[in-house]
Amino acid sequence: MRTISMAQTACTLVPILGDQLSNGLASLRGCDKAETIVLMMEVWDEATYVKHHKQKITLIFSAMRHFAEEMRAAGWTVDYVHLDAPDNSGSLTGEVARGIERHQPGAVRIVEAGEWRVQQVIEQWPDKFACDVAILPDDRFLCSHVQFQAWAEGRKQLTMELFYREMRKRTGILMTADGKPKGGEWNYDKDNREPPKADMNPPKVPKFAPDAITREVQDLVAARFGDHFGDLEPFGWPVTRAQALEAADAFFRQRMAKFGPYQDAMVHGSDDLFHSMVSTSLNCGLLDPLELCERAEKAFDEGHAPLNSVEGFIRQILGWREYIRGFYWLHMPGLAHDNVLNAHRPLPEFFWTGETDMRCLADCVRSTREDAHAHHIQRLMVLGNFCLIAGIDPQAVQDWFLAVYADAYEWVELPNVSGMTLYADGGKLATKPYAASGNYINKMSDYCKKCRYKVAQKTGEDSCPFNPLYWHFMDRNREALSKNHRIGRIFSTWDRMGEEKQRAYLDSAEAFLDRLEPANPSWARVAIEREAAE
Ligand code: FAD
Ligand code: DLZ
Ligand code: SF4
């Protein structure tokens, strides 16, 4: 291992966080390699602020260690603090303070944090440390905070579709030379939303066998984070840029053409289908959003993929991902505490164990446990929809979604959970709650046929619990929802049912809710600590 000599002349210290593993990072741009020390820190605080899935910690630490090796090979001096280093202070601030002591830099340069929580910490550094501290915008995102604020200014509703069109125009992605959307339309969603088909045969997603670095990290995770949720093995996520590019390449060549049509389909035993599986690499910096959009557009231009799939994929990244990030920064810190529908039920234990007779939920928890992943519709319309209509406390749901997915960072998890899924923000993000009965899940999946519950049955012990829960949700939130122009009309259907039928729905829902076992708090220790701190 290379030893690091104390700098003779004042160097620049560049801390790089675990989700900033990108070659072109703003903090490195313009730095002289001979006068720069890159500081990377594995710290207890980051690994435990929620009890992350074991594969997420493995992914981040392994990707950090690989990135450090690549930086060294490229001629940078990297000071890497391992989690088990004897003097590790356990916090980012503590490790930067120690780094400053070791290297006596003239300046610290860091790219702003992805999460509000960490940004609050970093913003204290200029007062805490004697040297200059520069906090730089994260220009790996395609829309800056300032640009998003300007777009949002004065708008009553922040409609993603309008933001997305602006982004298309600003970047020129999927646009013709005369400024029109390629193909003539902005959005091809109407051509997507196919249910699964028996013969759709999705090709296998590449998995990467752990090398010596990853295996060492796995041993560390087993020893130090053994009580965290999730299976440690098999682990196959990309941990280097080369692997991430190989995985993305396989998507573009083999699966993207059918990404659009089967985007919303769900199949028992699968969390990938024709999805790209790029979120873990994108969010920690191994892949760049612009390069993915350009690659998708090239596939369309060269005739390798149809426009509905290409536009659908680009909309997720250029539209949803950027919009979600802008929305997060616009509404933090309040977003984390929103609970407009007054939902206070504890998260059920089966979210951690998967032990439920509801086949859809059991399968989504299974893939979450095994792969630290579930695809969008599984997150939104099965796991999320259940939490919405069962009235689960938004903070408990947020903690769960933040802990269990390898791609989870608060900036992307929180708006998706609080805004898109739970309507806890009262409709700032979504124009209506995505509440659905079992019918939707049955239409878009193969879950229901072998379920112990009967999806066609509306009430009673054997009825699909999503059916009575849907009406229980509508009835108890009538005041908040009846004025909503997209959902308000549903109440006339409810009123037409008559008292006896309504009572049957409400009794079935309440009997089901009464049987739910609340989660053992130790699964998400941090939620308890957060409460204690408040
Ligand atoms: P694909 O379906 O192939 O989509 C391509 C890419 O588009 C994704 O990798 C992602 O970068 C982007 N994207 C798609 N939808 C969204 C979205 N709604 N918000 C932001 N980006 C999007 N995504 C995360 O990256 N981290 C999270 O913590 C996260 N939590 C979520 C929680 C809930 C309740 C919901 C409903 C969605 C959440 N998502 C999150 C969005 C989405 O589910 C994942 O990005 C996606 O499942 C990742 O798999 P993929 O890479 O195969 O995505
Ligand atoms: C997710 C994560 C984990 C598990 N561990 C670390 C770590 O030890 N050191 C680090 O720099 N970053 C880690 N990360 C990623 C950070 O949590 C991420 O940078 C923050 O969410 C801020 O955006
Ligand atoms: Fe899920 Fe209901 Fe279908 Fe069972 S019947 S798989 S609980 S939607």
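Guide: Across the interface of domain 1 and domain 3 of this predicted model, the rule finds 7 residue pairs in polar contact, both residues at pLDDT 80 or more. A polar contact is a pair of N or O atoms within 3.5 Å; within protein, one must be able to donate a hydrogen and the other to accept it, and residues adjacent in sequence count only if both atoms are side-chain atoms. Helix α2 (residues 54-73) gives the most to the side of domain 1 that touches domain 3, with 4 residues; helices are DSSP runs (H or I, at least four residues), numbered from the N terminus.

In total, 14 residues of domain 1 are in contact (heavy atoms within 4.5 Å) with 20 residues of domain 3. The area buried between the two domains is about 1400 Å², and carbon and sulfur atoms give 54% of this; buried area is the accessible area (1.4 Å probe) that two parts lose on being put together, summed over both. In domain 1, Lys 51, His 53 and Lys 56 lose the most area to domain 3, together 40% of what that side buries.

Domain 1 spans 12-136 and domain 3 spans 336-533, with bounds from an automatic or database domain assignment. Their C-alpha centres lie 38 Å apart.

Local features need pLDDT of at least 70, side-chain atom pairs count only at pLDDT 80 or more, and totals for chains, interfaces and linings use all residues. Residues are numbered from 1 along each chain as its sequence is written, and side-chain values use heavy atoms, leaving out hydrogens and water.

Technical notes: Chains lettered and ligands numbered in written order. Helix = DSSP H or I, 4+ residues; strand = E, 2+ residues; numbered from the N terminus.
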